[in-house]
Amino acid sequence: MHRRSLLMGFGGLAVLVGAGGAGLHAATGSSGAYGRYSTILRSIPIDFAVPELIRLATLAANSHNTQPWRFQVAETAINILPDLSRATPVVDPDNHHLFLSLGCAAENLVIAGAAIGVHGVLESNPDGSLRYSYGLGTPQPDPLLQAIAQRQTTRALYDGQPVPASDLDTLRQAAETDGVRLIIIEERARINQIRDLVVAGNEVQMQDPAFRAEIKTWLRFNPRSAMATGDGLYAPASGNPTLPDFAGRLAFDAFFTASGENDKYAKQIDSSSGIAIFLAERADIQSWIRVGRACQRFALTATMLGLKHAFINQPVEVARLRPELASLVGEPGLRPDIVMRFGHGPQMPYSLRRPVPAVMT
Ligand SMILES: Cc1cc2nc3c(=O)[nH]c(=O)nc-3n(C[C@H](O)[C@H](O)[C@H](O)COP(=O)(O)O)c2cc1C
């Protein structure tokens with residue numbers, strides 16, 4: 001189904017449901033309350049406080065916004081532990097995305113820590129747990145601190161304009177990490193090859209009832225349900241209208257189709273300036289964490305430069321497409337970890353996070 005039909009489908013349902021007036025409002029919650037939640041969540045602390053630092057860490061990119069982490073506070077250290085109860089076994093059977101998400105959060109912690117005067121060392125263990133040992137020092141102002149609050153995964157059409165070479169150099173340098181390779185593709189013919197793989201992966205996923213069922217459990221169709229859980233994929237953040245939960249689930253079953261989503265992804269990639277692919281030199285938990293750190297730094301730097309980004313990980317998630325993707329980017333034999341498009345695009349509504357006490361252990 002065409003993207004427009006999808007929106008009309010969702011929108012038509014919204015209009016029908018909207019005939020309920022006050023009832024609709026009660027069922028969806030208010031966008032004003034959502035905005036207030038989001039603003040507080042994304043404020044920049046003036047002074048150092050451990051809960052504030054943890055809040056900034058949780059603003060990191062993470063798969064399906066499950067926020068698969070727990071934070072444990074010691075005297076001069078913060079431990080980040082994997083929360084396997086928040087795994088997504090269908091899309092991520094070996095917890096690759098989960099550990100990568102932990103790396104994203106760890107990178108936010110390190111950047112925010114130094115910027116607000118908590119300098120530390122991050123150590124990762126083979127089981128995927130991380131320890132940030134810190135001491136208080138002088139704050140080192142860093143524009144990436146603001147970017148932590150501003151960054152979002154922007155699932156929208158971009159304007160297709162090229163990114164200046166100097167910005168691409170800045171992105172490359174920012175993401176440079178031992179054991180992680182970053183390939184940036186700007187040539188349209190090569191972008192098209194990646195696009196075709198994303199669409200092929202999407203086709204496989206959309207035909208898989210288990211994939212559909214899993215993603216459905218993480219969708220939040222309105223402010224009320226997004227604020228109730230503080231997690232998940234907020235429909236308006238992807239350009240879909242607000243709906244009561246029951247109508248959202250109906251709309252998902254009716255309008256979330258392979259052809260509609262394939263068409264949407266193809267257009268979004270066509271509108272992007274480039275694609276970044278991250279590949280670790282080794283396929284193990286600590287390497288995935290390193291990729292998470294590199295890709296979070298890339299995303300924050302892009303944000304600082306006024307660029308948007310969005311993950312298009314289908315050819316990573318569908319295992320049989322990985323070798324073709326690796327060959328396409330000149331890295332045969334490596335397992336690709338992240339595929340991310342970037343360019344200039346609009347601001348979309350933010351997704352939420354759980355309150356800090358909910359992620360403490
Ligand atoms: C490892 C990883 C894989 C992801 N894969 C996808 C993806 O395939 N498609 C997508 O739209 N977003 C993907 N995301 C983005 C998350 O859905 C997003 O970070 C999360 O919903 C929170 O939203 P935010 O980034 O706007 O804060 C991925 C993020 C991570 C860290």
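Analyst: Apart from neighbours within four places in sequence, Q268 is in contact (heavy atoms within 4.5 Å) with R155, A156, L157 and R341. The model is predicted, so local features need pLDDT of at least 70 and side-chain atom pairs count only at pLDDT 80 or more, while totals for chains, interfaces and linings use all residues. Residues are numbered from 1 along each chain as its sequence is written, and side-chain values use heavy atoms, with hydrogens and water left out.

Q268 sits in helix α12, residues 258-270. Helices here are DSSP runs of H or I with at least four residues, strands are E runs of at least two, and both are numbered from the N terminus. Q268 counts as buried because its relative accessibility is 5%. Buried means under 20% relative accessible area, exposed over 50%, and partly exposed in between, with a 1.4 Å probe and protein chains only. Q268 and R341 are 73 residues apart along the chain, and their C-alpha atoms are separated by 8.8 Å.

Some atom pairs can be listed. A backbone N or O atom of F311 is 3.3 Å from a ligand nitrogen. A polar side-chain atom of E317 is 3.5 Å from a ligand oxygen, and one of R353 is 2.6 Å from a ligand oxygen. Taken alone, the ligand exposes 620 Å², of which the protein buries 93%; such areas come from the Shrake-Rupley method with a 1.4 Å probe.

Burial can also be followed in another helix. In α9 (residues 209-217), the buried residues are F211, R212, E214 and I215. They lie on the same side of α9, because they cover an arc of only 165° around the axis; the arc is that of the directions from the helix axis to the C-beta atoms. On the other side, P209 and T217 are exposed. The cover over the buried residues of α9 includes α8 (188-206), β6 (219-220), β7 (233-234) and α11 (245-255).

Terms used. Polar contact = N/O pair within 3.5 Å; in protein donor to acceptor, adjacent residues only side chain to side chain.
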